[in-house]
Amino acid sequence: MRTLRALVVAALLCLLPVLPAHAADLTYDFEDGTAQGWGPRGDGVTVTVTPDAARTGSGGLAVSGRTATWHGASITGPFVRGVGYTVTAYARLVAGQPASTVAMTVQRTPTGGETTYERVAAATVTDGEWVRLSGSYLFTAESSDVQLYVESSDATSRYLLDDIVLSPLGDPTREPITSDFEDGTAQDWSPRAAAVLENGATAHAGTRGLTVTGRSASWDGPALNVLGRMAKGDKYALSAWVRLGPDTASGRLGLSIERRTGGTPSYERVVAPKDVPAGEWVQLSGTYTLAYDVEFLSLYIESETGTFPFHLDDFTLTYVEPKPVQTDIPSVKDKVPFTMGSALTRPDTLGVHGELLARHFNGATPGNELKWDATEPREGEFTFTDGDYLVDFATGHGMTVRGHTLAWHSQTPDWVFEGATKEVLLQRLERHVRTLVTRYKGRIAVWDVVNEVVDENQPDGLRRSKWYEIAGLDFIRTAFRVAHEADPDAKLFINDYNTEFPRKREALYKLVQQLKSEGVPIHGVGHQLHLNIEHPAAAEVEATIERFATLGLDQQVTELDVSIYTDFVSTYDTIPPELLVQQGHRYKELFDVFRRQAARLSSVTVWGESDDVSWLRSWPITRLNAPLLFDDDLQAKPAYWGVVDPAELAPLVRELEAPAAAVKVDGKRDLEWDLLPDAPLARVGDVSAGFQARSSSAGLYVLAEVTDPVVNADDRVTFTVDGRTRALGRTSPGVRRTATGYRAEALLPTGADVQVTVHDRGSRTSWTGTVTPIPAVKRTTAPHRATSPVLDGAVDRLWSGVPEIRTGTWIQGTSGATAKVRALWSGSTLYVLAQVTDPALSESSANPWEQDSVEIFVDPGNGKTKGYEDDDGQYRVSFTGRVTVGGTFDAVGVKDNVRAAAVAVPGGYVVEAAVAMPTVTLGEGVLAGFDVQVNDATGAARTSAVTWNDATGRSYLDTSHWGVVLLGR
Ligand code: XIL
């Protein structure tokens, strides 16, 4: 890797001749009475040195006789190729001349190319004050006839120039750029199109800023030419402050970069557009790594939509010195019994990122470059520049390459499906698959032939993609057949996410089983494993691997990452360090599973080598996330140690809530224990366990559900509460045998610091943490009815005898609208009746949760997860019967589950709702997570909100504090 780095550095060096340290400024002050090399540009132009033209001292340059905008004063060749300069000058118009834009421009002719004109600086100049022009300049291509000249937008304007300074930068790619606009100019910023940039008094700091008006498109705004100011492979921190124009109520602004390579422009987001509240300065900050050779590089501020005016101030661009890659820690690949891969994109191969990849990984998956949109953007036009580059990089470093991916519903150009009959679509697929697999035959060992084709919510388990809609299962059959024909040695995989969830696992299992039985050449199953810090449990991942092992196929973990968020909304400004420790333990548990299952798992790939390049920085929303093994500085995180050497991890202190309740200590599992899930104790060997606690005045009730198939004399669970230990063996009171091990219950003295340890022959597994008492988890019963109620808001007879609950847990305010609620079930549907007391009704807010409404929360598996699982739903019904649904990011799994009616009654309204629960089988004794919330609006604001059970105010994000409904008879 050293060599690669040295090469990059050498390439830079020959590109940029290094000037002697502190090369002197070139100053043109005209104090010696001569024009110091400046002369006229254009017929009839005169350039004279006079005291009248002096800004400082006694000499300045007067320019007159112009008849074209490009006429003016010019000087030959002050710039050295490869050296960056800041250029400043002062200009003023001769008295009586109308204001115009005066610009400094470089004309040059690249060898073998056409003459170019590059603007260095420009400003609006009047006959009043001297105005400073400033900008920066660098050229890298061999060129002749290099001239710097000063021109004006007014063809005949006469102007004065003085104090022109060209300062060579030591290494322009290391010099910071700042724009504070305090000098009254636009500094080096220029409009991308029609936008008008004016220095103005709206400032973030100091007294001046840049005002941007007259934008012609969302992408039109201030731009800064940074060509030569960033080096390929280097990282830069960019920051700018923005504020909306005075009459703009809302808008989103972001920071982007346009780069051109070989004449083709590409646009990259450095900071995705974010909300800028009216009247506030908002910082846009992010980092950018230049990954390409460019002949054009410009950064700019743009809006998501609209052309509203805004202000810009205090921009900075600074080189980020990379921390060296750690060389005194083990390579991950040396510590695992399978191929250890990483996703990578082109920038990841450069500099320290490239070093990190080569040091730790022996597998590689191009993250985007082999997808359809990258490889065949137009029919029959194949582009492999980036794909080849990455495959070369990977194979050159001895990495096994996973080809990702041949057929997918995403990142696939529209033309593929346009006007396609099944036959045409399969022909397009065949050509695409054959071309890619043939090209990389022998170099790509494994292909994700199809990606994300399963949808467990469909009766046949198949995603309703355009592929499926046009070609049915045949697109999968064709893709595998053709890939196998093109490279019989390649291992062909089906790849999907959420395979660790039982319903998706089974749907994928059925599909693979069918494909195998048909003789489709499928060799492996790829589990993406985009997980989060809490869910799903490592045991579910293991269950998935064990399940697919019965099919006798290879398996791989293909896109592992562990988000620090459990929902799709939250963001941290700084990540709490204990969360990263928790993540380290989570990685440890996962790699315990992978190591245990190594015979079935040929490779594990993380989706990116370091947090700074993770796709979870922009999906599903832009936020700080840290899902990988190495941090933004490429240093090993606890996650790395969790994989490589868990002994290095700080101990994990967990937290558990103990709801108020009493249970019978008899080794039987009371219904009370089923209200919440057991907290897992990691599996060691064949032994694992789950733990719960309940608080009461009598003490702390504890439960351990132990999985331990082999009976040994010394099998036992120890509970330590505030330093006092109770041991329970298989034959102790409160212990009973279960199908997979034993269950232990005990009543212990109340305490907070708890350790639970399950001992097996020579090994043990523990839970250590604090236990906090909380109020009891509320439970209600929904009786069964043979017929379903009519959804009309009328309380018909079916509802009589149904237990009633009341909302009384205030999450906003302490009084307001409340509801009496009943639930019953029929068929596969839960029916809910809410009679709301609320004399003043309003729907005037645009936000449905700020309207008078009832929210019904249903978690079919009673999973009590932090964050929503895809069948968890928040169903909101306004007093007029308007329905809105919340769930996971896109709520696809639940959005069609609800039907409802609402009617106004004296003093309030009645909501009657039906919530379908297609993902579970309803029956007597089934438990579901359940809660109800009443939102009380006064005009356009919500003035109170009350729930039945959940006191956290986070029901819309987190299902773990909802109450429980028990289905009755
Ligand atoms: C992601 C890439 O990492 C992003 O750069 C891109 O913008 C979107 O796709 N499942 C997959 C991967 O199979 O291809 C996705 O990769 C992440 C989810």
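The tour starts at the ligand and then moves on to the aromatic rings.

Keep in mind that this is a predicted model. Begin by selecting the ligand together with the residues around it: Asn368, Lys371, His404, Trp408, Gln411, Asn451, Glu452, Gln528, His530, Glu559, Trp607 and Trp615. By type, this shell divides into 3 nonpolar, 6 polar and 3 charged residues.

Now look at the polar side chains. His404 places a polar side-chain atom 2.6 Å from an oxygen atom of the ligand. For Glu452, a polar side-chain atom lies 3.2 Å from a ligand nitrogen atom, and an N or O atom in the side chain of Gln528 is 3.2 Å from an oxygen atom of the ligand. Taken alone the ligand exposes 410 Å², of which the protein buries 75%.

Next, colour residues 326-646, where UniProt places the feature "domain: GH10" in an unreviewed entry. This stretch is 37% helix and 17% strand, and its end C-alpha atoms are 18 Å apart.

On to the rings: the structure holds 28 aromatic pairs. Select Phe338 and Phe591, a tilted pair at 6.3 Å centre to centre with 45° between the planes. Phe338 is in the loop between β22 and β23, while Phe591 sits in helix α10, 253 residues apart. Tyr587 and Phe591 are about one helical turn apart, because 4 residues separate them in helix α10. Are these two buried or exposed? Phe591 counts as buried at 0% relative accessibility, and Tyr587 counts as buried at 0%.

Finish with Trp372, Trp415, Phe417, Trp467 and Phe475, which ring pairs link into a cluster.

Terms used
Residues are numbered from 1 along each chain as its sequence is written. This is a predicted model: local features need pLDDT of at least 70, side-chain atom pairs count only at pLDDT 80 or more; totals for chains, interfaces and linings use all residues. Side-chain values use heavy atoms; hydrogens and water are left out. A residue is near a molecule or strand if one of its heavy atoms lies within 4 Å of it. A polar contact is a pair of N or O atoms within 3.5 Å; within protein, one must be able to donate a hydrogen and the other to accept it, and residues adjacent in sequence count only if both atoms are side-chain atoms. Accessible areas come from the Shrake-Rupley method with a 1.4 Å probe; for residues, only the protein chains shown count as cover. Ala, Val, Leu, Ile, Met, Phe, Trp, Tyr, Cys and Pro count as nonpolar, Asp, Glu, Lys and Arg as charged, and the others, Gly among them, as polar. UniProt positions are given in the numbering used here, feature names are shortened, and annotations may be inferred rather than shown by experiment. Helices (H or I, at least four residues) and strands (E, at least two) are DSSP runs, numbered from the N terminus. Rings of Phe, Tyr and Trp (its six-membered ring) pair if their centres lie within 6.5 Å; planes under 30 degrees apart count as stacked, over 60 as edge-to-face and the rest as tilted. Buried means under 20% relative accessible area, exposed over 50%, partly exposed in between (1.4 Å probe, protein chains only).
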